[in-house]
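Subject: Structure for you to look at

Hello,

Here is the structure I said I would pass on. My notes on what was found in it follow below.

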There are 2 protein chains.
Amino acid sequence: MSPDDGRAAVDLETALAGTPAGHKEDLRLWLRMLSCATLIETEIRRRLREQFGTTLPRFDLMAQLDREPDGLTLGRISRRMMVSNGNVTALAASLVADGLVQRRAHATDRRTQFLSLTPHGRLVFELQSAAHERWIAELFASVSPRDRAALHRLLGMVKSGVRQALKGESP
Amino acid sequence: MSPDDGRAAVDLETALAGTPAGHKEDLRLWLRMLSCATLIETEIRRRLREQFGTTLPRFDLMAQLDREPDGLTLGRISRRMMVSNGNVTALAASLVADGLVQRRAHATDRRTQFLSLTPHGRLVFELQSAAHERWIAELFASVSPRDRAALHRLLGMVKSGVRQALKGESP
DNA sequence: TTCGGATAGTTCAAGCTTAAACTGTTTAAG
DNA sequence: CTTAAACAGTTTAAGCTTGAACTATCCGAA
């Protein structure tokens, strides 16, 4: 990415313009990542709806709670799910109304409440979770274990790289 | 869970349950891909809103039209964007109302209409598009070109693999 | 010709999502 | 103690998204 000797004029110019030719490739990479994720996500949503009559956000919230038997606060859930605060409020209300999730008050902080799965919620989630895991395995089945491992590693680099890029932004 | 007295019993059991141990890795891979995409997408949405007062779906629709100066039908757009038909109807109406997109009737098929960018829409999109390309390049900057290429290739395999898996489903 | 199925769009209700404004609570500085 | 800032959740308006039901049109076969 740096043919420096010879004539540096072009490189300087394009660098300053901020959109060197090679960046089309980044765009293609991004669009491919996005369509990959969308493809899988759409199918998972469809199956959750058809086979369990639920939705992905509800499943995701329950998955968070399943990992933490002691419960989680709404704020923690919203950070883990990378969604807004108000979103979790509505989602939680609906799950509580359906008897899948229960609220518990914090011992000393009256602002805070913990959410956890009810026994029934735990049962329901186990069924959904097992199916979900099978679906994912099925969708990735054609990719070799070696390639899956490589992909996992590369995505990890992208994730931390993006996090890093966003860290030094506005503060 | 299962306290295994013997040896092979566990493997058999878990295999028959349809959720072999190794499939947790697929789950992790999927969650990482999803959070990667979400991370980037959220940031792009934020910048489109703050810097251009627009949204990602509007930008995406205009991007489709920008690539096809002759125009596209609503159906084609919805398939390319991987969203529902009704979604495009609403999105198009809003863009037409804003003078960014125009409709044109099909010569012989009265059901069909073509959408294309207006001159003003083309101008606006060029600005947004250039910024968008810079943002993506910026977010991927910390990943080496070699790794980006590898990632692109692997995601291509996943995409076609998933498409294949979904093809032999219900039909 | 006409009838039935396929196709292009639209509409609608329901749910998701967000940013921003808001309430109530805690914490820490003065 | 007082007060201001930080924090946990809630509410609200606006927009996105979907699946399903619907209208209108086209096209091919009997």
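A:Met82 is partly exposed, with a relative accessible area of 30%. Please keep in mind that this is a predicted model. A:Met82 belongs to the loop that connects helix 4 (74–81) with helix 5 (85–97) of chain A. Most residues other than glycine have a negative phi. In chain B, B:Met82 also has a positive phi, about 55 degrees, and is not a glycine. B:Met82 is found in the loop between helix 4 (74–81) and helix 5 (85–97) of chain B. Its relative accessible area is 30%, so B:Met82 counts as partly exposed.

Chain A in outline

Chain A contains 7 helices and 3 strands. Starting at the N terminus, the order of its elements is α-α-α-β-α-α-β-β-α-α. Of the 171 residues in chain A, 40% are buried. If one takes the contacts in chain A between residues at least 6 apart in sequence, 50% of them join residues at least 24 apart.

Helices 2 and 3 of chain B

Two packed helices are described by the angle between their axes and the distance between the axes. For helix 2 (residues 23–52) and helix 3 (residues 56–67) of chain B, the angle is about 90 degrees and the axes are 9 Å apart. Angles of 65 to 115 degrees count as roughly perpendicular, and helix 2 of chain B and helix 3 of chain B are therefore roughly perpendicular to each other. On the side of helix 2 of chain B, the contact is made by B:Glu41, B:Ile44, B:Arg45 and B:Leu48, and on the side of helix 3 of chain B by B:Leu56, B:Pro57 and B:Phe59. Sorted by class, this contact of helix 2 with helix 3 of chain B has 5 nonpolar residues, 2 charged residues and no polar ones.

Helix 3 of chain B has 12 residues, which at 1.5 Å a residue should span 16 Å; its end C-alpha atoms are 17 Å apart, so the two values agree. The buried residues of helix 3 of chain B are B:Leu56, B:Arg58, B:Phe59, B:Leu61, B:Met62, B:Ala63, B:Gln64 and B:Leu65.

Two of these, B:Arg58 and B:Met62, are among the residues that B:Leu100 touches. B:Leu100 sits in the loop between helix 5 and strand 2 (101–105) of chain B. Buried means under 20% relative accessible area, and B:Leu100, at 9%, therefore counts as buried. B:His120 is 20 residues from B:Leu100 along the chain, yet their C-alpha atoms are separated by 6.1 Å.

Salt bridges

How many salt bridges are there over all chains? The count comes to 24. Here are some of them.

B:Lys24 forms a salt bridge with A:Glu133, with 3.1 Å between the closest N and O atoms. B:Lys24 lies in helix 2 of chain B and A:Glu133 in helix 6 (residues 119–140) of chain A, so this pair joins two chains. B:Lys24 is partly exposed, at a relative accessible area of 44%, whereas A:Glu133 is buried, at 4%.

B:Arg46 has a salt bridge with B:Glu43, where the closest N and O atoms are 2.8 Å apart. Both residues lie in helix 2 of chain B, 3 residues apart, about one turn of the helix. B:Arg46 is partly exposed, with a relative accessible area of 29%, and B:Glu43 counts as buried at 7% relative accessibility.

B:Glu50 also forms a salt bridge with B:Arg46, the closest N and O atoms being 3.0 Å apart. B:Glu50 and B:Arg46 are 4 residues apart in helix 2 of chain B, so about one helical turn separates them. B:Glu50 counts as exposed, at 51% relative accessibility. In chain A, salt bridges that share partners join A:Glu43, A:Arg46, A:Arg47, A:Glu50 and A:Glu138 into one network.

Regards

How values were computed
Residues are numbered from 1 along each chain as its sequence is written. Chains are lettered from A and ligands numbered from 1 in the order in which they are written. This is a predicted model: local features need pLDDT of at least 70, side-chain atom pairs count only at pLDDT 80 or more; totals for chains, interfaces and linings use all residues. Side-chain values use heavy atoms; hydrogens and water are left out. Axes are lines fitted to C-alpha atoms, for helices over the stretch in contact, and angles run from 0 to 180 degrees between N-to-C directions. Angles under 35 degrees count as roughly parallel, over 145 as roughly antiparallel, 65 to 115 as roughly perpendicular and the rest as oblique. Contact means heavy atoms within 4.5 Å. Ala, Val, Leu, Ile, Met, Phe, Trp, Tyr, Cys and Pro count as nonpolar, Asp, Glu, Lys and Arg as charged, and the others, Gly among them, as polar. A salt bridge is a side-chain nitrogen of Lys or Arg within 4 Å of a carboxyl oxygen of Asp or Glu. Buried means under 20% relative accessible area, exposed over 50%, partly exposed in between (1.4 Å probe, protein chains only). The expected span of a helix is 1.5 Å times one less than its number of residues. Lists of a residue's contacts leave out its neighbours within four places in sequence.
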